[in-house]
Amino acid sequence: MNMVQPQGTAKVRSRGLDVFYGEKQALFGVDLDIRAGEVTALIGPSGCGKSTFLRCINRMNDLVDGARVAGSLTLDGDDIYDRSVDVVQLRAKVGMVFQKPNPFPKSIYDNVAYGPRIHGKAADQSELDEIVMTSLEKAGLLKEVKDRLQESGTGLSGGQQQRLCIARAIAVEPEIVLMDEPCSALDPIATAKVEELIDELRENYTIVIVTHSMQQAARVSQRTAFFHLGKLIEVGDTEQIFTNPQEPLTQGYITGRFG
Amino acid sequence: MTEMAQTDTAVRSMDAVAARLKSRYAAERRFRALGLGAILLSVAFLAILLGSIVQKGWTGFIQTQVAVAVTFDPQVIDPDGSRDPLALDTADYATLVRNGMAARLAPDADRNARRDLTGMVSTMATEQLRRMVVANPDIIGTTATVWVLASDKIDMVVKGQVPRQLGAAGNALNDRQLGWVAQLEQSGQVRTTFNTTFFTAGDSRAPEQAGIWGAVVGSFFSLAITLLVSFPLGVATAVYLEEFAPHNRWTDLIEVNINNLAAVPSVVFGLLGLAVFLNVFHLPRSSPLAGGLVLALICLPTIIIAGRAALKAVPPSIRQAAAGLGASPLQIVAHHVLPLAMPGMLTGTILGMARALGETAPLLMIGMVAFIVDIPKSPVDPSAVLPVQIYLWAGSPERAFVEKTSAAIMVLLLFLVSMNMVAIVLRKKFERRW
């Protein structure tokens, strides 16, 4: 597999993707390409299916009772839902940051070291230290916590916890980072820091972010996809979506006529 | 006019607000007083209960001894002077005790008087003399003052548990014996000491020789078996049902059944144990092994229910975080969910074990009500357990068993408190790991 991909090629590609939760259909025939090396924002009103789409990419929907997926969803051309795919390997490649910061009730060090440990990414202790330090550095948290790595991760502030979760996700060296409304539980200052971080991470990772804030989508993403009632309405460059939407529904949403 | 009316309304509404506030505060005060009253009432009942147990039972930790000047008469112990160990072992030491008592109290006692004398000291005295002679045969031919255990009847009178009047309720001594007791007490030949027998001996028909140790060891073995069986099984069941099992009609059925089992009377589990463990598997009757297995059955539903509740209380965000990092389902449970749920599971286990410690009825069903004198050496030896021992003593007619019963209850409570302490320490330890 070719690791260095030119910006703009489709990293994740969905064709006719349907998702059902029991009887209820949550996604209807979604065709969407996520490009490598870019931040793609998924926007839309609550219950529109954007989180569902996000959770299909690392198969977190497997944890939901009665969830069923039809259609095709590929990562680098390989079907994510193929029987031969090992979910554990997939999730090592596709990291995730959740809406509410959810550090493990362990030390800051152990939080970041957990992923590399279970995937055997480090041969010895010094290598593990190195991974933890680099990840915290990349997440912009190292300066704030380097003297208290053994303290509990749950003792940090909300914004710091979320950056710890990002450090934890990138410690596994994923190719894609999924973010499910990562700033909805943060204050404006912490939000600004996380957004800044997302912008920096774009160099090394493909990022998909679900957000309720259109300003945030406009600030951090290069491409934006607008979902409505389980259907993908429109996808395009962020600037175009916010300045010149093609669909009346998109226009209605971004101008605040509904949502 | 209108202004006046307005002010009036305002004042009235102010009054109404003040009145409402006042009644609200009053309601709050009443509620607090009720709560405080309830607590005080339960503390009072607890104090009465514990107080009556301690007041009745503390004398159980004390024993009465009588000084006897024993002449180790070679004619009685070893008439042919061979010092044969067998002869020494089987000699008539009861006569030595009786002679010693007679020499001091009634030198010219007839048959009846001698029988009364024998009734004053415990049969343990004979055993005590035998041990002395076997350990040191040179003692034969000498005279020594030996403190021997008094019989339970003397014990009761000396401790003041029964009145000294002849024929008073519970007083089994005749006037001759009462006179001797007074005589011995005057000459300082009666003393009370700490009752080591109670903490080292097994059960006995003679109250002054009965001890709790056999039941303590039996309870310990039983609970160890219970813990070893029910904790791993219960935790594994809870984890499987909560974390891995699909939610369908079968698991619903299992859940309903587990909840029902928690409410099944324990005597039913005893019958089950009798039918399965004894009649099918032929485990030794009256043994801590069989008892522990029955108690494990009783504990299991409690542990499973508490375990599932503890697992449910672990926030799903932790599971998602671990899953998002690529942890396998087993890793999610073993690394994150189980450690977080462990304090709650331990609490459930201790609740179950505390119930098991106090269970009596199911153990009666598997024969643990038998009269067992020996201290069990392993979980397959016949043995008593604390609650059954209490039950047995409570039903014994001798007055001296009343204080033994209360003393045994104290030991049981102590056992319970120390178990809870261990649980709290363990829980704190698990919680501090984070």
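B:L46, B:L49, B:L50 and B:L413 together form a nonpolar surface patch of about 330 Å². The model is predicted. In this model, chain A and chain B also share an interface that buries about 1600 Å² between them, and the count of salt bridges between the two chains is 0.

**Nonpolar patch on chain B**

- Helix α1 of chain B, residues 2-57, provides the largest share of the nonpolar patch, namely 3 residues.
- B:L50, one of the residues that make the patch, is located in helix α1 of chain B.

**Extent of the interface**

- On the chain A side, 22 residues are in contact with 17 residues of chain B.
- Of the area of about 1600 Å² buried between chain A and chain B, 67% lies on carbon and sulfur atoms.
- Within chain A, the residues that lose the most area to chain B are A:F104, A:P105 and A:Y114, which together account for 31% of what that side buries.

**Polar and charged pairing**

- Between chain A and chain B, 4 residue pairs are in polar contact, with both residues at pLDDT 80 or more.
- Salt bridges between chain A and chain B number 0.

**Make-up of the chain A side**

- At least two residues of the side of chain A that touches chain B come from each of α2 (87-93), β6 (94-97), α3 (108-118) and α6 (158-170).
- Classified by residue type, the side of chain A that touches chain B comprises 13 nonpolar, 4 polar and 5 charged residues.

Notes
Residues numbered from 1 in each chain as written. Chains lettered and ligands numbered in written order. Predicted model: local features only at pLDDT ≥ 70, side-chain atom pairs only at ≥ 80, totals over all residues. Heavy atoms only, no water. Contact = heavy atoms within 4.5 Å. Buried area = accessible area lost by both parts, 1.4 Å probe. Salt bridge = Lys/Arg side-chain N within 4 Å of Asp/Glu carboxyl O. Polar contact = N/O pair within 3.5 Å; in protein donor to acceptor, adjacent residues only side chain to side chain. Helix = DSSP H or I, 4+ residues; strand = E, 2+ residues; numbered from the N terminus. Nonpolar A, V, L, I, M, F, W, Y, C, P; charged D, E, K, R; others polar. Patch = residues over 30% accessible without salt bridge, like charges linked within 9 Å, V, L, I, M, F, W, Y side chains within 5 Å. Areas by Shrake-Rupley, 256 points an atom, 1.4 Å probe, with all protein chains shown as cover.
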